[in-house]
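User: I have a model open and would like to go through it with you. Could we take it one question at a time?

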Amino acid sequence: MSLKVQIIALVYSFLFGIFFGGVFNACYSFLFLKRRLICFINTFLFNIFMALLYFFILLFINNGILHIYFLFSFFLGFLLISYLIFKKRK
């Protein structure tokens, strides 16, 4: 895999982490309802859908190869957007 493809995949992972954090915070009330079974099903389906979306787009970028630094980039994007959202709520 070339360096250009790796950088594109790294930036995509970071941006998808931001997207995932934003959607998660927006859908927080729908994911965690009073009933345990519905909460479990909603959370499970949400995570499966997001994982499939991430890997589907990653498939077009670099044939679906996942490196550990892509996951670090994803979590960095998720933490960044979560920090910014929670900072605004205070």
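Analyst: Happy to; here are questions and answers on this predicted model, going from the overall fold to single residues.

User: What box do the C-alpha atoms fill, and what percentage of the contacts with a separation of 6 or more comes from residues 24 or more positions apart?

Analyst: Along the principal axes, the C-alpha atoms of the protein chain fill a box of roughly 50 × 30 × 15 Å. Among contacts with a separation of 6 or more, the share from residues 24 or more positions apart is 74%.

User: How much of the protein chain counts as buried, and what share of its exposed area do carbon and sulfur atoms supply?

Analyst: The protein chain has 90 residues, of which 23% count as buried.

User: What does Phe20 touch beyond residues up to four places away in sequence?

Analyst: Phe20 is one of the buried residues of H1, and it belongs to the largest nonpolar core. Setting aside residues up to four places away, it touches Phe46, Asn47, Met50, Phe74 and Phe78.

User: How far apart are the end C-alpha atoms of H1, and what span should its residues give?

Analyst: H1 has 24 residues, and at 1.5 Å a residue they should span 34 Å. The end C-alpha atoms agree with that, because they are 35 Å apart.

User: And what is the distance between the end C-alpha atoms of H3?

Analyst: The 27 residues of H3, at 1.5 Å a residue, should span 39 Å. This agrees with the model, where the end C-alpha atoms of H3 are apart by 38 Å.

User: Is Ser13 buried or exposed, and what is it in contact with?

Analyst: Ser13 is found in helix H1. Its relative accessible area is 0%, and the cut-off for buried is under 20%, so Ser13 is buried. Leaving aside neighbours within four places in sequence, its contacts are Tyr54, Phe70, Ser73 and Phe74.

User: Where does Phe70 lie, and how far in space is it from Ala9?

Analyst: Phe70 lies in helix H4 and counts as buried at 0% relative accessibility. Not counting residues up to four places away in sequence, it touches Gln6, Ala9, Leu10, Ser13, Tyr54, Asn62 and Ile65. Phe70 and Ala9 are 61 residues apart in sequence, while their C-alpha to C-alpha distance is 7.1 Å.

User: Which residues form the nonpolar patch on the surface, and what accessible area do they have together?

Analyst: The patch is made of Leu37, Phe40, Ile41, Phe44, Leu45, Ile48 and Leu52. One of these, Ile48, is found in helix H3 and is partly exposed, with a relative accessible area of 38%. On the other hand, Cys39, Phe46, Met50, Tyr54, Leu58 and Asn62 in H3 are buried. Together the patch residues have an accessible area of about 740 Å².

User: Which residue follows H3, and what is its phi?

Analyst: Most residues other than glycine have a negative phi. Asn63, which follows H3, lies in the loop between H3 and H4 and counts as exposed at 65% relative accessibility. Although Asn63 is not a glycine, its phi is positive, at about 60°.

Methods: Residues numbered from 1 in each chain as written. Predicted model: local features only at pLDDT ≥ 70, side-chain atom pairs only at ≥ 80, totals over all residues. Heavy atoms only, no water. Buried < 20%, exposed > 50% of the residue type's maximum accessible area, 1.4 Å probe, protein only. Contact = heavy atoms within 4.5 Å. Core = buried A, V, L, I, M, F, W, Y, C linked by side-chain atoms within 4.5 Å. Helix = DSSP H or I, 4+ residues; strand = E, 2+ residues; numbered from the N terminus. Expected span 1.5 Å × (residues − 1). Patch = residues over 30% accessible without salt bridge, like charges linked within 9 Å, V, L, I, M, F, W, Y side chains within 5 Å. Areas by Shrake-Rupley, 256 points an atom, 1.4 Å probe, with all protein chains shown as cover. Salt bridge = Lys/Arg side-chain N within 4 Å of Asp/Glu carboxyl O.
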